[in-house]
Amino acid sequence: MRTTLSRRARYTGLILAGTLALAGCADSSEKSDDDKGSGDAGALTDTDIYSQGWVGEQNDAEPTKGGTLTMADYAETRSLNPTETYANGAAGGNALAAVYDVLMRRDFESGEWAPQLAESLEPNDDKTVWTLKLRDGVKFSDGTPLNADAVIGSLNYYTANYAYQALTLLANQTKMKKIDDSTVEFSVASPWATFPAMLAGGPGMIMAPAAYQKPDAFKPIGAGAFELEKYAPAEELVLKARKDYFDGAPNLDKLRFVWLGADDAKLESFDAGEVDAAFVRTPVPVEQARKDGAEGYMYVVGAGAQLTINNREGRPGEDIRVRQAIAHAFNNEAYLERATQGAGIPSKAIFADSSAWSTGAEVLDYDVAAAKKLLDEAKADGYDGKISYLAAADPAAQQAAVQLEAQLEAAGFDVTIDAVDNVADQTTSIYVDHDFDLAQGATSIGDEDPYGALSEVLFSQSPTNSSGYVSEEMDGLLREFQAVADDPAKGIDALRAVEELFQNDVPALIINPAGNFVMMQDSVGGIVPNTQTILLFDDAWKSE
């Protein structure tokens with residue numbers, strides 16, 4: 001396992017999951033006529049496919065004890081230090097949650113935040129103070145107690161190392177105070193309705209004090225149901241069950257993660273019975289799995305694929321007219337036909353129509369004449385019309401890039417495609433060096449915490465704001481939304497104001513929402529979905 005990273009590398013790690021979509025949106029799988037609806041569920045509509053929740057019947061049989069559950073995860077964890085990776089289900093967060101667990105979790109059936117390692121989390125009247133009560137008797141794998149000091153120490157380490165979502169905590173001036181050994185009080189600068197989401201994700205993965213005592217020798221010591229047994233880079237990560245887990249020994253003996261590359265390879269391995277679960281998110285395999293009748297859990301996220309426009313000084317996107325011209329020139333339906341053979345739902349809205357957070361805000365439609373007019377105005381003021389597009393070098397991504405190039409050139413742009421060989425180089429160019437004009441990525445906004453994701457990419461001072469978009473008006477609207485982001489009935493008007501400004505200013509251009517599908521064999525039960533596409537395995541089991 002890696003132990004230390006520079007701050008530059010930490011920032012790279014923070015946004016890796018977003019860049020994973022660069023490789024994921026363009027899929028090389030071909031859909032034959034036989035593929036389109038070859039399974040029992042072949043008549044599924046897009047609405048059926050891209051609806052969040054359990055797919056098929058959950059296995060409610062009596063749990064089986066023992067055995068190893070093997071999951072083909074979306075991306076390799078690389079490190080079990082939560083500050084050195086992206087604590088998200090699409091980027092290794094499943095293994096992290098198995099080792100550290102989380103203080104809170106999202107109960108998707110009730111639509112509420114529920115305690116996991118915690119006993120409770122309660123707000124004051126205006127949700128600026130949150131009081132966390134810890135369960136009695138919870139211990140880390142080294143036998144030390146999970147108490148208030150451990151929570152505060154872990155979170156201080158987490159934020160000091162700028163881990164995923166740490167910047168949201170810091171931007172909200174989050175302060176912690178020990179009330180007693182089992183109670184921590186959190187205070188924030190503004191009313192924060194979805195604060196529990198922080199403790200259900202990466203920040204809520206509490207590390208034992210001994211884990212980070214020696215900066216150059218991090219040890220993965222957590223309070224989760226599993227602990228590290230073996231890690232073979234690019235091959236497998238094996239976790240063994242903790243018999244002294246606070247809620248009783250897990251049903252499984254071991255939990256094994258493997259990484260099979262492209263999603264179509266995961267689909268083949270799943271169909272062959274070689275893995276017990278598989279995480280797929282590229283549109284063609286997702287739709288194929290659903291049409292073939294695969295069962296599991298579907299997460300649907302807004303802004304699952306987007307074109308990020310560099311708004312910084314000296315870049316073409318500094319001019320709002322150029323950004324709006326790109327939006328009018330872009331036909332996302334035609335783009336998806338080339339990039340994903342028509343899979344996915346083209347939509348320039350932040351949230352899918354099926355989401356409770358769908359605002360109905362007007363988007364900049366495909367209109368070449370409007371694009372030309374805006375571009376001509378920018379050229380009259382000195383813009384030369386040149387723009388580059390950063391794209392992966394694989395054939396499918398390059399095909400999609402050519403489609404985008406044609407659309408923009410039809411409106412009068414002079415487009416250059418810059419091909420990069422790997423995700424790491426893309427990540428560095430976009431999020432660290434900011435050396436790009438246009439690039440594809442993702443924000444992946446879950447319905448349960450829209451404020452958290454939006455603030456990461458739109459707040460002016462956020463280092464994970466890859467577009468460099470700066471707007472005092474947007475900052476103010478995000479603050480207003482923050483107070484009501486837990487309930488669409490209360491918060492939809494505030495979010496609509498955010499989206500209307502987003503659609504006008506075009507810091508980025510949404511291509512489509514996305515489905516993240518976790519396929520599970522009939523022999524698997526007890527896996528619990530959590531926020532940010534993280535899965536919890538403490539009650540998981542499999543029959544032989």
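This is a predicted model: local features need pLDDT of at least 70, side-chain atom pairs count only at pLDDT 80 or more; totals for chains, interfaces and linings use all residues.
Q: How many helices and strands does the chain have?

A: Helices (H or I, at least four residues) and strands (E, at least two) are DSSP runs, numbered from the N terminus. Here the chain has 17 helices and 21 strands. With a radius of gyration of 23 Å, close to the 24 Å that the globule rule gives for 544 residues, the chain is as compact as a globular protein of that length. That radius is taken over C-alpha atoms, and the globule rule is 2.2 Å times the number of residues to the power 0.38. The C-alpha trace spans about 70 × 55 × 45 Å along its principal axes.

Q: Which residues have the most contacts inside the largest nonpolar core?

A: A nonpolar core is a set of buried Ala, Val, Leu, Ile, Met, Phe, Trp, Tyr and Cys residues joined through side-chain atoms within 4.5 Å. The largest one here has 105 residues, and Leu103, Leu132, Val151, Phe195 and Phe537 have the most contacts inside it. Helix α5 (residues 148-160) gives the most to this core, with seven residues. There is also a second, separate core of 32 residues, which includes Ala305, Leu307, Ala378 and Leu438.

Q: What does Leu103 touch?

A: Contact means heavy atoms within 4.5 Å. Leaving aside neighbours within four places in sequence, the partners of Leu103 include Leu132, Leu134, Val151, Leu199 and Ile206. For the chain as a whole, residues 24 or more positions apart account for 73% of the contacts with a separation of 6 or more.

Q: Where is Phe270, and is it buried or exposed?

A: Look in helix α8 (residues 263-271) for Phe270. Its relative accessible area is 8%, so Phe270 is buried. Beyond four places in sequence, Phe270 touches Met519, Met520 and Gln521, among others including Val275 and Ala294.

Q: How many salt bridges does the structure hold?

A: Side chains of opposite charge can pair when their charged atoms come close. A salt bridge is a side-chain nitrogen of Lys or Arg within 4 Å of a carboxyl oxygen of Asp or Glu. The structure holds 20 of them. One is between Lys127 and Asp486, at 3.0 Å from N to O. Lys127 lies in the loop between β5 (118-123) and β6 (129-134), and Asp486 in the loop between α16 (472-482) and α17 (488-505), so the pair ties together parts that are 359 residues apart in sequence. Lys127, Asp486 and Lys490 are linked in a network of salt bridges.

Q: How far apart are the closest N and O atoms of Glu236 and Lys230?

A: They are 2.8 Å apart. Glu236 is buried, at 13% relative accessible area, whereas Lys230 is partly exposed, at 39%. Another salt bridge joins Glu185 and Lys177, at 3.7 Å from N to O. Glu185 is partly exposed, at 24% relative accessibility, and Lys177 is partly exposed as well, at 47%.

Q: What is the nearest side chain of opposite charge to Glu456?

A: Lys and Arg count as positive and Asp and Glu as negative; His and the chain ends are not counted. For Glu456 that side chain is Arg479, 11 Å away, and Glu456 is buried yet has no salt bridge. Glu456 is found in helix α15 (residues 450-458). Not counting residues up to four places away in sequence, Glu456 touches Gln165, Thr168, Ser462, Thr464 and Asn465.

Q: Which residues other than glycine have a positive phi?

A: Among them are Lys127, with phi near 60°, and Tyr162, with phi near 55°. Tyr162 is found in the loop between α5 and α6 (166-171).

Key
Residues are numbered from 1 along each chain as its sequence is written. Side-chain values use heavy atoms; hydrogens and water are left out. Buried means under 20% relative accessible area, exposed over 50%, partly exposed in between (1.4 Å probe, protein chains only).
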